[in-house]
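Visitor: I have not looked at this structure before. Please take me through it by question and answer.

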Number of protein chains: 2
Amino acid sequence: MAEGAAKGSEEPGSPPRRRRRDPEGHRAAILDAARHAFGERGYARTTLRDIAGRAGVTHGLITRHFSSKERLFLAAVPGNRDLEQVAAGDPATLPDRIADAFVRRMETDAVGDPLVALVRSAASDERAAADLLSAMQEHSAAVYRSVLSPDGTAARDDDLDARVALVGSLMIGVAFSRYIARTDPLASMPPEQLTAHLARMLRHILFD
Amino acid sequence: MAEGAAKGSEEPGSPPRRRRRDPEGHRAAILDAARHAFGERGYARTTLRDIAGRAGVTHGLITRHFSSKERLFLAAVPGNRDLEQVAAGDPATLPDRIADAFVRRMETDAVGDPLVALVRSAASDERAAADLLSAMQEHSAAVYRSVLSPDGTAARDDDLDARVALVGSLMIGVAFSRYIARTDPLASMPPEQLTAHLARMLRHILFD
């Protein structure tokens, strides 16, 4: 799809105009280039310039669409990107949906997961890791708030932010133990058992 | 102390015998050399040969005392090493003691902490990270079991092992967020508030 869009913009006659007038095509081309670049070089070592080169767009166009490298990353890879859809629904069963989606996602592709990229990025560039984790947490906190306190009546938002950060920390640690260091007992735990443990813990962290 | 022991073994007359007959002095010299080497080069890049060189002992003597690099590491740095003392006491308040000791230890010296070394080591050497995490979890599980089920009557040991691994994962994630990426809200949370959150979560993970 992204390739198609890029080819379309190279048709003779009106390439510069197509470029300007096809924001969706550019967005798709940027996301596609970002997925490949991050996948090959890892989060910390990929630059917006790399991605611009691959997508055949300017650096400026990327920041106009995505504002920063960490936001582009989160838009490009599964994970935070899909949180709105996963979170939508009955607040009481939010922990179950989050736990289930997390385990499914990691079982499918842990290597390409933003949490794994986050942990790996810390080794080469702590600043990059900090920016990435901040962007993830900001987004997560907004999504959790929209489900748990849609009318803004949650007792204290600070407290909800802290709880969401603790949920994030738990997931970082589980991703590390099961999918990076791959150490037992978590590494060999059946996915449904891990999901049950996480749902129970998330329920406690968020509601207790 | 370690230096004194090393000097003692070089006194003229009986150096080879002193070496063999001063296991406590050697142990201390090895631990001292290990602390410095791990602190300077990080866990993954330090070899037992480096440490042997610094301590003035053979590689074989180190493995006789500590059996492996990860066990030496855990014996040398604060953290797992002190778990027996922290854990001893009323099982009902174990979560509070663990949470309090974890936060105190990290606030004092996060850079030298085994959990931070663990996360950092994964970037350069996943095998090293896996071995280190396994050794930490094995030790933790044994200590938790000795407090929570001293007569071996805990319903299912597998389940306790899984719970201890989840406690470890939570701590890895919190160490990452607060002390490596240093991202808010966890980074700026007052220590006593973090301790309270962790104690509550540990109680749930271990007992619920």
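Visitor: In which helix is Ser177(B) found?
Guide: This is a predicted model, and the answers here rest on it. In chain B, the stretch of residues 157-180 forms a helix that holds Ser177(B). That element is helix H11 of chain B.

Visitor: Is Ser177(B) buried or exposed?
Guide: A residue counts as buried when its relative accessible area is under 20%. The relative accessibility of Ser177(B) is 0%, so this residue is buried.

Visitor: Which residues is Ser177(B) in contact with, leaving aside its neighbours within four places in sequence?
Guide: Within chain B, the contacts of Ser177(B) include Arg182(B), Thr183(B) and Leu186(B). From chain A, Ser177(B) is in contact with Leu133(A), Ser169(A) and Ile172(A).

Visitor: How many residues of chain A and of chain B are in contact?
Guide: The size of an interface is often given as the accessible area lost when the parts come together. For chain A and chain B that buried area is about 3,200 Å², with 68% of it on carbon and sulfur atoms. Counted by residue, the contact involves 38 of chain A and 38 of chain B.

Visitor: How many salt bridges does the rule find across the interface of chain A and chain B?
Guide: Side chains of opposite charge can pair when their charged atoms come close. Arg120(A) and Glu126(B) form a salt bridge, with N to O at 2.3 Å. Across the interface of chain A and chain B, the number found by the rule is four.

Visitor: Which element gives the largest share of the side of chain A that touches chain B?
Guide: Between the two chains there are eleven residue pairs in polar contact. On chain A, the elements giving two or more residues to the side that touches chain B are helices H9 (114-124), H10 (126-148), H11 (157-180) and H12 (191-207). The largest share is 14 residues, and it comes from H11(A).

Visitor: How many nonpolar residues does the side of chain A that touches chain B have?
Guide: Sorted by class, this side of chain A has nine charged residues and eight polar ones. The nonpolar residues on this side number 21.

Visitor: At what angle do the axes of helix H8 of chain A and H10(A) cross?
Guide: Two packed helices are described by the angle between their axes and the distance between the axes. Helix H8(A) covers residues 94-109, and its axis comes within 12 Å of the axis of H10(A). The crossing angle is roughly 145°.

Visitor: Which residues in H10(A) meet Leu94(A), Arg97(A) and Ile98(A) in H8(A)?
Guide: By class, the residues of the contact of H8(A) with H10(A) are five nonpolar, no polar and one charged. On the H10(A) side, the residues are Tyr144(A), Val147(A) and Leu148(A).

Visitor: What separates the C-alpha atoms of Leu160(A) and Leu206(A)?
Guide: Leu160(A) is in helix H11 of chain A, and at 8% relative accessibility this residue counts as buried. Not counting residues up to four places away in sequence, Leu160(A) touches Arg145(A) and Leu148(A). Leu206(A) is 46 residues from Leu160(A) along the chain, and their C-alpha atoms are separated by 7.5 Å.

Visitor: How many residues apart in sequence are the parts tied together by Glu107(A) and Arg178(A)?
Guide: The side chains of Glu107(A) and Arg178(A) form a salt bridge, N to O 2.7 Å. Glu107(A) is partly exposed at 37% relative accessible area, whereas Arg178(A) is buried at 6%. Because Glu107(A) lies in helix H8 of chain A and Arg178(A) in helix H11 of chain A, the pair ties together parts whose separation in sequence is 71 residues.

Visitor: What separates Asp159(A) and Arg163(A) in helix H11 of chain A?
Guide: Asp159(A) and Arg163(A) meet in a salt bridge, with N to O at 2.7 Å. Asp159(A) is buried at 19% relative accessibility, and Arg163(A) is buried at 13%. The two are four residues apart in the helix, so their separation is about one helical turn.

Technical notes
Residues are numbered from 1 along each chain as its sequence is written. Chains are lettered from A and ligands numbered from 1 in the order in which they are written. This is a predicted model: local features need pLDDT of at least 70, side-chain atom pairs count only at pLDDT 80 or more; totals for chains, interfaces and linings use all residues. Side-chain values use heavy atoms; hydrogens and water are left out. Contact means heavy atoms within 4.5 Å. Buried area is the accessible area (1.4 Å probe) that two parts lose on being put together, summed over both. A polar contact is a pair of N or O atoms within 3.5 Å; within protein, one must be able to donate a hydrogen and the other to accept it, and residues adjacent in sequence count only if both atoms are side-chain atoms. Ala, Val, Leu, Ile, Met, Phe, Trp, Tyr, Cys and Pro count as nonpolar, Asp, Glu, Lys and Arg as charged, and the others, Gly among them, as polar. Buried means under 20% relative accessible area, exposed over 50%, partly exposed in between (1.4 Å probe, protein chains only). Axes are lines fitted to C-alpha atoms, for helices over the stretch in contact, and angles run from 0 to 180 degrees between N-to-C directions.
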